[in-house]
Amino acid sequence: MLAAGSLLALSLPASPVHAATTGAVQSYLVVYKAGASSAGAAAQVEGAGGALVVNYQQIGVAVARSDRSDFAANLQSSSDVDSVVATAQGAARLRDQEPDANANDASSTAADPAAGALAPLQWDMTQIHAFEAHAITGGSRSVIVGDIDTGADPSHPDLAPNIDASNSVGCVGGAPNPTVAGWRDDNGHGTHTAGTIAASGNLTGVAPNVRLAIIKAGDSQGFFFPEAVVCAFMWAGTHHVNVTNNSYFADPFYFNCKNDPAQFAIWKAEDRAIRFAMQNGTTVVAAEGNFSDDLAHPTQDTQSPDNTTPVTRPVTNACVVVPVEIPGVIGVTADGNLRLKSFYSNYGDSVTQVTAPGGDSVLQRTAAAPNGRVLSTFPSYPVTIVCIRSVIVGTAHYCYLQGTSMASPHVAGVAALIESLGITSPGAVQARVNNTADNQSCPSAADQQALYGAFPSVNNGAPQVCTGGTGYNSWYGHGQVNALAAVS
């Protein structure tokens with residue numbers, strides 16, 4: 001709040017450099033060299049022609065704003081500054097907010113009847129044995145799960161009892177805003193993921209007794225700008241957040257290539273923030289994405305930058321997806337009610353830790369999952385996402401969605417149950433998630449072709465291929481997460 005207020009109070013230098021031009025105000029990440037202190041950031045930023053938004057001294061990263069064309073060059077000349085990069089192109093948009101990811105289901109609105117508890121519609125919770133796990137523990141009130149997403153509906157009756165307002169925050173813009181207005185969901189995606197983690201009411205989350213810290217890093221359009229992602233992890237690391245769920249991508253491009261100076265600078269800032277959170281005891285869980293891509297063997301990116309005009313470019317293993325490819329992060333693929341990989345889910349050897357229900361409206365419609373998707377909480381007021389398959393109980397709204405975004409919060413919830421047992425080291429939590437998962441084998445080569453041949457990689461057209469054995473493979477990792485086994 002103070003940092004945001006100071007931004008309003010500061011003005012640009014009274015003595016402009018005459019060779020510079022001015023234009024629209026832009027946000028910048030200022031990354032200091034390893035070992036250098038950012039304590040003098042305010043004076044340096046102002047001297048270069050900008051205004052400091054916030055200084056994260058713990059990791060040597062500051063957020064600034066300026067309308068000057070020479071701002072980055074001026075600040076870059078400081079001997080202790082590693083890089084200065086504008087973040088306007090540094091966002092990745094949510095790609096699974098559409099109820100029918102990849103547009104393979106043209107059905108219109110069809111509400112399912114519900115007159116009370118929605119447990120019969122929660123095939124996903126049954127599949128990972130969440131309801132059985134609750135006989136042992138539904139989670140501890142001492143455990144805080146931070147849902148880094150687009151916010152949450154603070155008035156939803158299934159979420160309100162578990163939302164910890166004192167540890168919730170808005171990070172859009174890069175500086176923490178702890179007011180309810182700062183973290184209220186205006187997109188819809190965050191309310192859905194929050195419900196899967198810890199709803200308690202008509203709908204039951206994986207860990208219905210833990211506290212939810214709502215950490216809003218995505219805006220109404222589903223863009224996650226780098227300064228917001230840095231803010232989110234710094235908040236988690238300084239507010240005793242035990243687990244974070246991350247159902248988004250955070251970099252300038254879908255794949256973030258280190259041979260590009262701007263991309264490398266943003267990767268470095270986000271990497272420092274994520275590692276800071278993990279070093280302070282935060283377990284980080286992340287979705288892998290919905291483009292049928294093998295993240296371990298990328299060759300081409302056709303969809304970035306996704307907030308302007310995409311430009312096809314070659315990519316290699318020197319290009320990574322953040323946060324899922326940061327070491328120590330639990331990477332999650334999606335499966336459906338037949339326990340097969342969802343048709344859209346990314347995958348990758350070493351990237352994937354486990355799989356979890358994300359829904360599949362094409363290959364895996366069943367009696368238990370007639371539309372294939374995952375049901376969870378949704379705002380009762382208008383938001384960006386239009387829910388085409390909904391359930392309404394009284395004034396409470398629920399929506400069916402699908403995507404790896406829906407899979408990741410299941411694993412975050414299981415991690416929270418594990419933390420509730422007193423296992424709090426991120427490494428130990430990840431080991432227990434992996435070791436208690438239900439192993440799943442790759443489908444046969446013939447089945448892979450028959451089921452997934454129509455869904456090649458969105459980016460390079462390569463067929464989806466599962467590699468590895470029953471104990472570990474590129475589609476399912478160590479297997480489907482099992483809440484009951486994790487707490488038994």
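**Figure 1. Left-handed disulfide of cysteine 171 and cysteine 231 in the predicted model.** The torsion about the S-S bond is -65°, and the link between cysteine 171 and cysteine 231 is left-handed. The two sulfur atoms lie 2.1 Å apart.

**Figure 2. Disulfide between cysteine 257 and cysteine 319.** The sulfur atoms of this pair are 2.0 Å apart. The torsion about the S-S bond of cysteine 257 and cysteine 319 is about 105°, so this link is right-handed. Each partner is part of a strand: cysteine 257 is in β11 (residues 256-257) and cysteine 319 in β15 (residues 319-320). The cysteines are 62 residues apart, and the bond links distant parts of the chain. Cysteine 257 and cysteine 319 are buried.

**Figure 3. Disulfide between cysteine 387 and cysteine 399.** The S to S distance is 2.1 Å. With a torsion of about 105° about its S-S bond, the disulfide of cysteine 387 and cysteine 399 is right-handed. Cysteine 387 is in the loop between β18 (374-378) and β19 (390-393), and cysteine 399 is in strand β20 (residues 396-401), 12 residues apart. Cysteine 387 counts as buried because its relative accessibility is 17%, under the 20% limit. Cysteine 399 is buried as well, with a relative accessible area of 0%. The structure holds 4 disulfides; with the bonded cysteines numbered in sequence order, they pair as 1-2, 3-4, 5-6, 7-8.

**Figure 4. Packing of helix α10 against helix α11.** Helix α10 (residues 404-420) and helix α11 (residues 426-435) pack at an angle of about 115°, and their axes are 10 Å apart. The crossing of α10 and α11 is right-handed. From α10, the contact involves Val411, Ala415, Ile418 and Glu419. These residues meet Val429, Arg432 and Val433 of α11. By class, the contact of α10 with α11 comprises 5 nonpolar and 2 charged residues, with no polar ones.

**Figure 5. Cis peptide bond between valine 322 and proline 323.** Omega is about 10° for the bond that joins valine 322 and proline 323. Proline 323 lies in the loop between β15 and β16 (330-335). Most peptide bonds are trans.

**Figure 6. Positive phi at histidine 129 and serine 292.** Most residues other than glycine have a negative phi. Histidine 129 has a positive phi, near 65°, and is placed in the loop between α4 (123-127) and α5 (130-133). Histidine 129 counts as partly exposed because its relative accessibility is 24%. Serine 292 also has a positive phi, near 60°. Serine 292 is found in the loop between β12 (283-287) and β13 (300-301), and is buried at a relative accessible area of 2%.

Figure 7. Of its 488 residues, 59% count as buried. The protein chain exposes about 16,400 Å², of which carbon and sulfur atoms supply 56%. Among contacts between residues at least 6 apart in sequence, 78% join residues at least 24 apart.

Terms used: Residues numbered from 1 in each chain as written. Predicted model: local features only at pLDDT ≥ 70, side-chain atom pairs only at ≥ 80, totals over all residues. Heavy atoms only, no water. Disulfide = S-S within 2.5 Å. Helix = DSSP H or I, 4+ residues; strand = E, 2+ residues; numbered from the N terminus. Buried < 20%, exposed > 50% of the residue type's maximum accessible area, 1.4 Å probe, protein only. Axes fitted to C-alpha atoms, helices over the stretch in contact; angles between N-to-C directions. Left-handed = near helix turned anticlockwise from the far one by under 90°. Contact = heavy atoms within 4.5 Å. Nonpolar A, V, L, I, M, F, W, Y, C, P; charged D, E, K, R; others polar. Areas by Shrake-Rupley, 256 points an atom, 1.4 Å probe, with all protein chains shown as cover.
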